[in-house]
Every structure is written in structure tokens, then in C-alpha cells.
Amino acid sequence: MSQDYYILKTLNMEEDNIHFYDEFVKEEIIDGKRSLVYQAYLTYIPEYCPKCGVVYDEKIEKHGFKNSLIKIPAVSKLNSYLSLNKQRYICHHCNRTFTCSTSIVNYGCNISNNTKHSIAVDLTKKISQKDVAIYNNVSSNSVERVIDSYYDLDNKVYKNILPTALSFDEFKSVKSADGNMSFIMCNVKTGKIIDIVEDRRLNNLIRYFARYSRQSRLNVKYIVIDMYTPYISLIKMMFPNAKIVIDKFHLIQLISKSLNKTRIKLMKKDKVNYNKLKRYWKNILKYRLELDSSKWRKYTCFKDLTTELDIVNYLVSLDKELEETYQVYQDLLYAFQNDNLTVLEETLNKKYNNISEYMKTSIKTIKEYTNYIKNTFITKYHNGYVEGNNNFIKVLKSIAFGFRSFLRFKARIMICKGLINPKLKEAEIL
Ligand SMILES: [Zn+2]
């Protein structure tokens with residue numbers, strides 16, 4: 001094997017037409033940094049003139065070299081470049097000149113394709129766009145162009161296939177997004193993000209789903225949602241075969257909020273027990289069977305030894321409204337956790353004298369959605385994955401500053417989640 005072969009191997013490049021000079025690497029200061037500059041030339045006999053299409057003959061002659069300095073991935077942590085002399089030809093059939101081309105760098109670009117690949121791989125890590133630019137010795141703009149190129153790719157990939165079970169949710173988006181909230185669609189069975197839509201408002205989503213074929217929409221059997229009414233209109237219109245499933249997490253969140261507000265209302269009235277009601281809020285929300293009743297110990301704000309269960313019993317019995325609201329909360333929690341429709345319906349239809357207005361509103365909401373909650377109990381589908389994705393988005397937003405444009409933000413999420421494979425169509429980037 002030749003020297004060329006081993007150097008190219010080290011630089012992770014594949015190109016038969018590149019040849020290195022005897023002194024194949026020099027150290028130079030570029031942009032104030034110690035850098036390695038590999039010295040090579042590119043030459044081959046063309047099959048035809050790319051300008052006029054005439055097949056190679058003696059009237060197509062060598063015509064000097066054109067040099068370009070190409071950024072390549074760092075070697076031994078030093079910024080590295082390939083100083084490439086590209087063979088030029090003159091064609092006497094058309095009197096025009098042309099330059100040899102190579103797959104390692106695109107025409108008119110000074111960043112090698114494997115650098116772009118390295119940028120794409122770095123984008124899957126939880127580091128800021130700025131750091132990706134620094135690690136790869138390129139400008140922030142170049143990083144953005146790599147992200148953009150993947151965004152287009154994503155648009156080509158996902159068009160007409162939808163899984164049988166979907167989930168819809170939303171998250172707070174970037175400032176530039178049209179709606180306050182953006183829409184996120186996942187595959188319920190795998191938890192994978194299918195797409196992110198900038199604006200979750202109904203008209204926008206109808207327009208968005210109209211892009212999918214009718215057949216792919218008819219194939220969707222279940223859609224998990226929170227209790228956001230426009231989703232129901234959307235599903236009835238665009239997914240006539242889909243059964244609506246209400247996400248359990250959101251149901252529990254709804255009743256927790258009602259109980260919490262009831263507790264705060266009492267806390268503001270009852271100055272004597274203010275600190276106790278404030279400190280033990282989590283215990284009140286806990287599923288009753290999970291409260292400990294065996295370990296007697298000293299608890300802050302309580303004089304005598306007591307147990308977790310006794311504390312909750314003490315607090316909820318302070319007030320009739322809190323006590324009854326707590327009971328309803330526990331019954332509903334039981335029904336949700338055990339997929340028990342009978343307990344749910346009994347609890348919803350009982351007459352209550354003392355429950356808080358907050359819990360009354362929640363009961364009314366749950367009643368409206370009971371038919372869909374049945375599907376929750378039967379399918380056991382939930383949005384847990386989506387919540388995980390939402391947390392991930394939060395982390396990404398906090399570390400990756402400067403997501404001004406929604407499309408880039410979205411592309412970065414998709415790249416990080418491995419939904420766009422950086423190895424795919426590598427040569428097409430930029
Ligand atoms: Zn020609």
C-alpha cells in the first residue's frame with residue numbers, strides 16, 4: 001500500500017485521486033492557532049469535458065492547479081486543514097476550463113464532508129451550538145447550515161406513514177414560534193418523536209395533518225391526548241377511525257391541583273396550622289396506601305412522636321371541605337391507578353355536600369371525558385414517553401442557548417433523538 005493510502009486512512013477519507021507530497025504535513029499558525037496543514041494534490045484524467053460534454057481526447061489539456069484550503073476534523077486535537085491543489089484542464093473544443101472534483105468536499109465549499117459529519121454527530125450531544133462550532137473549528141453559521149440540511153432531509157423522510165397508536169402533547173416553544181405552545185406527536189408504542197409542529201392551534205394542525213394521506217390517517221387506531229378540547233375536534237375530523245385515550249398523568253395532575261388549591265385555601269384561613277399544612281403538602285397528595293403507619297418518629301411542627309399516616313389524618317380532619325375533597329381525591333386516584341371504571345363512575349356520581357369548588361370543576365371535566373377514560377383503562381396507553389421527551393427538550397433548551405429559529409430548534413431535537421441519522425446521505429449535507 002502507498003503512503004497516500006495510509007494518510008487517507010488516518011484522516012478518515014476515501015479518495016483514490018488524492019496524492020500527498022513528500023512533505024505531506026506542515027505546521028502553520030492559522031487564525032492565531034497552531035494548526036496542521038496536509039499537503040496534497042488532486043488529479044485524474046477526465047472521461048469528458050463537463051462544460052461541453054466532448055469525450056476526453058488530446059484537445060483537453062492539463063492547465064495548472066487551483067489551490068483550496070479545506071477544513072478537516074482535528075488531528076491530535078490540533079486544528080487541521082487539507083491544502084489541496086486541484087488539477088485544472090482546458091478544453092480546446094469549447095475553450096473553457098474546469099477543475100477536478102472530489103467526494104471529500106463539495107464544490108465551492110471549504111469544509112470537508114467528514115467535518116460536516118462530525119458536526120452532525122456532535123449535535124446529538126447535549127452541548128451548545130456554539131461549542132459544536134468551536135470543537136469543529138467552524139463558524140456558528142456553518143453549524144446552522146448542517147442543522148438546516150437535516151431539517152430538509154426530515155421533511156423528505158416523514159410523509160405518509162403513521163403508526164397505529166399516536167400521542168399528542170405540547171411544550172413551551174421558542175420565542176419565535178407562532179403559537180405560545182408547540183405540538184409534539186409521538187409513537188405511543190416506542191416513545192419516538194414523529195414530528196414537532198410550531199403552532200398547536202386547531203386550524204394550523206388541520207392544515208398540517210392534511211398533508212398526510214387519508215389512508216395513513218385512517219390506519220391510526222388510538223390517540224393519547226390530554227384534556228385539550230381542540231384535539232378532540234381535530235381527531236374527529238382528521239382521524240375518523242381513532243379512539244381517543246386520555247392520558248392518565250394529566251388526569252392525576254388535574255385532581256392533584258384541585259386538592260392542592262383546597263389545602264392552600266384552608267392554609268390561608270387557619271393561622272395555627274399554617275406551617276403544618278404548608279410543610280406536609282406532598283403527604284396529602286400521596287396515595288393513601290403508600291403512607292407509612294408503622295414508623296413512629298419526630299416530625300417538624302409536631303410535638304409528639306407520630307407517623308406519616310397520622311399527620312395526614314390530622315391535617316385533613318381540620319376542615320370539612322378538605323376532608324371530603326381529600327376522600328374524593330383518594331377514590332379517584334384509586335380508580336385511575338387500578339383502571340377501575342366502577343369506582344370511577346361511583347365516585348363521580350355520588351352526591352357531595354362539602355367538596356371544594358375546585359374539585360367540583362375537576363369532577364365535571366372528568367365526567368365529560370369518561371367515555372375516553374374507558375379507553376385509557378382498556379389500552380393502558382399513556383403519554384409517559386412524551387413527558388420524558390418534554391423534559392429532554394427542557395434540558396436541551398437550557399444548555400443550547402440561542403435557538404432563535406424554530407426550525408433549527410426542531411431539527412436539533414430530531415438529530416439528538418436519533419430520528420435523523422447523520423450517516424444517512426452524508427454527502428448531501430450542505
Ligand atoms: Zn469542452
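Buried, in this talk, means under 20% relative accessible area, exposed means over 50%, and partly exposed is in between, with a 1.4 Å probe and protein chains only. Leu11 has 6% relative accessibility, so Leu11 counts as buried.

Before I go on, the sources. This is a predicted model, in which local features need pLDDT of at least 70, side-chain atom pairs count only at pLDDT 80 or more, and totals for chains, interfaces and linings use all residues. Residues are numbered from 1 along each chain as its sequence is written, and side-chain values use heavy atoms, with hydrogens and water left out.

Now the overall picture. The protein chain has 17 helices and ten strands. Helices here are DSSP runs of H or I with at least four residues, strands are runs of E with at least two, and both are numbered from the N terminus. Of the 430 residues in the chain, 49% are buried. A contact means heavy atoms within 4.5 Å. Among contacts with a separation of 6 or more, 59% are between residues 24 or more positions apart.

Back to Leu11. Leu11 sits in the loop between α1 and β1. What does Leu11 touch, not counting residues up to four places away in sequence? The list is Phe20, Tyr38, Ile72, Val75 and Asn114. Ile72 is 61 residues away along the chain, and the two C-alpha atoms are separated by 8.2 Å.

Asn12 is in that loop too, between α1 (3-10) and β1 (18-30). Asn12 is exposed, at 60% relative accessibility. Asn12 is not a glycine, yet it has a positive phi of about 60°. For background, most residues other than glycine have a negative phi. Ser76, in the loop between β3 and β4, is another non-glycine with a positive phi, about 50°. Ser76 is exposed as well, with a relative accessible area of 67%.

Next, the zinc ion. Which protein atoms are its donors? They are the SG atoms of Cys49, Cys52, Cys91 and Cys94, lying 2.2 to 2.4 Å from the ion. Donors are N, O and S atoms within 2.8 Å of the metal, or 3.2 Å for Na, K and Ca; water is not among the atoms, so sites may look incomplete. Along the chain, the donors follow the spacing C-x2-C-x38-C-x2-C. Cys49 lies in the loop between β2 (33-42) and β3 (60-75), and Cys94 in the loop between β4 (78-91) and β5 (96-99), so this pair ties together parts that are 45 residues apart in sequence. Cys49 is buried, at 0% relative accessibility.

Last, a pair of helices. The axes of α8 (residues 248-269) and α12 (residues 320-337) come within 10 Å and cross at roughly 170°. Axes are lines fitted to C-alpha atoms, for helices over the stretch in contact, and angles run from 0 to 180 degrees between N-to-C directions. The two helices are therefore roughly antiparallel, a label for angles over 145 degrees. The contact includes Leu251, Ile255 and Leu259 of α8, and Tyr326, Tyr329 and Leu333 of α12.

One more residue: Leu407, in helix α17 (residues 406-416), is partly exposed, with a relative accessible area of 38%.

Technical notes
Parallel < 35°, antiparallel > 145°, perpendicular 65-115°, else oblique.
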